[in-house]
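Here is a short briefing for a first look. Start with the view below, then work through the topics in order.

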Amino acid sequence: MSFDVAAIRAQFPILDQQVHGRPLAYLDNAATTQKPSAVIQAIQAYYQRDNANVHRGVHALSERATAAYEAAREKVRALLNARSVREIVFVRGTTEAINLVAHSWGTARLRAGDEILITGMEHHSNIVPWQMLCERTGARLRVLPINDAGELCLDQLPTLLNERTRLVGVVHLSNALGTINPVAEIIRQAHAVGARVLVDGAQAAAHMAIDVQQLDCDFYATSAHKMYGPTGIGVLYAKEALLDEMPPYQGGGDMIRVVTFERTEYNELPYKFEAGTPNIAGAIGFGAAIDWLGSFDMCEIAAHEQRLLQEAVSRAKAIPGLRLVGEAGHRATVLSFTMEGIHPHDLGTILDREGVAIRAGHHCAMPVMQRFGVPATVRASFALYNTSDDLDALFQALERAQAMFA
Amino acid sequence: MPCSRPWNGRRPCLHEGEANVFDLKDLYQQVIVDHNKHPRNFGRLEDASHEAEGYNPLCGDRLHVYLKIDDQGRIEDVRFEGEGCAISMASASLMTEALKGRTLQEFRSLFEGFHALVTSSGDGADDEAGLGKLAVLGGVRAFPSRIKCATLCWHTMKNAIERSGVARTE
Ligand SMILES: Cc1ncc(COP(=O)(O)O)c(C=O)c1O
């Protein structure tokens, strides 16, 4: 099937609406993507036909719900190319996945004097859990800086990595800058000093193929809602040997095999890490999103989004007073910028009135804003359903803003 | 269609497809654009008797206000510095103009009046009474996400007068 944007848009009912009397131009995909009918229908069908609790009923509905939930796990495994579904832990999202690792793996493994290395372009969710872990354990948080283009200063990696480094946390595709990081190379160097690596893939899954075996990462986290799936569901991938050693994160139902008041035996993987009734509908919606995304060629999606980004960049560069924040050689889907004399928040409001949905703010990456000396940026982020019409709306609205503030 | 949004029923509801009723021109009036570009009373007040810092973590707006209050409880001088969006800069600039020479009593009534102006459900005509030039900020009523931008400086000022510290509008 060739890449037909009009046909794709027709599968997103939400895109067909007016906002403030203008056609919606949804360019806030890095915050969350919209959901195709296939995903919405999968969730609805589950609630209308199969809803029951999983892993515990002998009745037909529970068996159907369990089968659908576990089928979704297999889809996630295939998406990431993990070896086994035992390595696929359903969580609320990237944030919970990282917190799980910090609590379970981190608390058990880290000692005072150990080091955690993150990068200067991490989302708060890949900073704060490590800071909290450092407070609990006395470990030290170190940061690999970024250059003016918004790329990691890889030349400094060898000096920051040492025998005390226990974990490296790195974002695959930066939500604030769009930078695609050379995670395979970082993982190789980290492993050479015996450190584990967690990749924050919140933004990556919708825009590039992911292969955790090829990357050889130890942990990979992502969220369904940024790849056309529902909110409230995501995945932690971890190598089986690591999960085996890690203590449970939360206690409760589903994560146990036997409970007496004297002793509890934990369930096998991955259930040891899934306490309580999970987000069954969410997992099923996640699976539907993976199926839906899988009906396209990822290279074509990436090429389409890259064309949009290139067009956006060249149009942006023609605007006097517009400063791009993040010009990495290898980047995708994100146009982050400021405009002289107009605060990003004012731009956000003006663009909204023109039907253009973008994000204005620090994008949960305050250190990135500090690095570039701006309080906030405007961020337009693209998905496979965006078109040049959306860019027209964006750039017309920017012109209007400039005229208003002239 | 009644408003079911959790905004205490005070703020306008924009339903899907609803026309552009609240024009941007109501928000970014010329006075506001001008005060944003050329803020009045901008800068540090060296002999301030009161000061406070205000911060809106949501948009990163940061303001520092300085006051000199004389023995009679009159605001002899007032200045501010910081950075933020047009609404917060213009609001702070207009506030300093409005407060110079006022008593603390008058400050409190202006504070209340301003708050009512930017949050009220009416057309604002009643609320504008006594506020003078500050009334141009009434347009933010129609932009719920921007009300805090307009009120940050007032909360910061209140903190400076009542105590010292950092005001937050979140
Ligand atoms: C790079 C990155 N990491 C982590 C997150 C957190 O994801 P979530 O809010 O789905 O847990 C986000 C999304 O906001 C992100 O963009």
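This is a predicted model. By the rule used, one salt bridge spans the interface of chain B and chain A. The points below start at that interface, then turn to the ligand and to some local features.

**Where the chains meet**

- The salt bridge pairs A:Asp346 with B:Arg146. Their closest N and O atoms are 2.9 Å apart.
- Six residue pairs are in polar contact across the interface of chain B and chain A, both residues being at pLDDT 80 or more.
- Three helices of chain B each supply at least two residues of its side that touches chain A: H1 (24-27), H2 (30-37) and H3 (86-99).
- That side of chain B has 16 nonpolar, five polar and seven charged residues.
- In contact are 28 residues of chain B and 20 residues of chain A.
- Together, chain B and chain A bury about 2000 Å² between them. Carbon and sulfur atoms account for 54% of that area.

**Around the ligand**

- The ligand is surrounded by 13 residues. The closest are A:Thr95, A:Asp200, A:Gln203, A:Ser223 and A:Lys226.
- This shell divides into nine polar, two nonpolar and two charged residues.
- A:Asp200 places a polar side-chain atom 2.5 Å from a nitrogen atom of the ligand.
- For A:His225, the distance to an oxygen atom of the ligand is 2.8 Å. For A:His123, the distance to an oxygen atom of the ligand is 3.1 Å.
- How much of the ligand does the protein bury? Taken alone, the ligand exposes 390 Å², and the protein buries 85% of that.

**Salt bridges over all chains**

- The structure holds 40 salt bridges over all chains.
- One of them joins A:Glu115 and A:Arg142, with the closest N and O atoms 3.3 Å apart.
- Why does this pair tie together parts that are apart in sequence? A:Glu115 lies in strand E5 (residues 115-119) of chain A and A:Arg142 in strand E6 (residues 140-144), so the pair links parts 27 residues apart in sequence.

**Backbone features to look at**

- Most peptide bonds are trans, and most residues other than glycine have a negative phi. Two places in chain A are worth a look against that background.
- A cis peptide bond joins A:Leu269 and A:Pro270, with omega at about -5°. A:Pro270 lies in the loop between strand E12 (264-266) and helix H10 (280-294) of chain A.
- A:Asp254 has a positive phi of about 75°, although A:Asp254 is not a glycine. Where is A:Asp254 found? A:Asp254 sits in the loop between helix H9 (240-245) and strand E11 (256-259) of chain A.

Key: Residues are numbered from 1 along each chain as its sequence is written. Chains are lettered from A and ligands numbered from 1 in the order in which they are written. This is a predicted model: local features need pLDDT of at least 70, side-chain atom pairs count only at pLDDT 80 or more; totals for chains, interfaces and linings use all residues. Side-chain values use heavy atoms; hydrogens and water are left out. A residue is near a molecule or strand if one of its heavy atoms lies within 4 Å of it. A polar contact is a pair of N or O atoms within 3.5 Å; within protein, one must be able to donate a hydrogen and the other to accept it, and residues adjacent in sequence count only if both atoms are side-chain atoms. Accessible areas come from the Shrake-Rupley method with a 1.4 Å probe; for residues, only the protein chains shown count as cover. Ala, Val, Leu, Ile, Met, Phe, Trp, Tyr, Cys and Pro count as nonpolar, Asp, Glu, Lys and Arg as charged, and the others, Gly among them, as polar. Contact means heavy atoms within 4.5 Å. Buried area is the accessible area (1.4 Å probe) that two parts lose on being put together, summed over both. A salt bridge is a side-chain nitrogen of Lys or Arg within 4 Å of a carboxyl oxygen of Asp or Glu. Helices (H or I, at least four residues) and strands (E, at least two) are DSSP runs, numbered from the N terminus.
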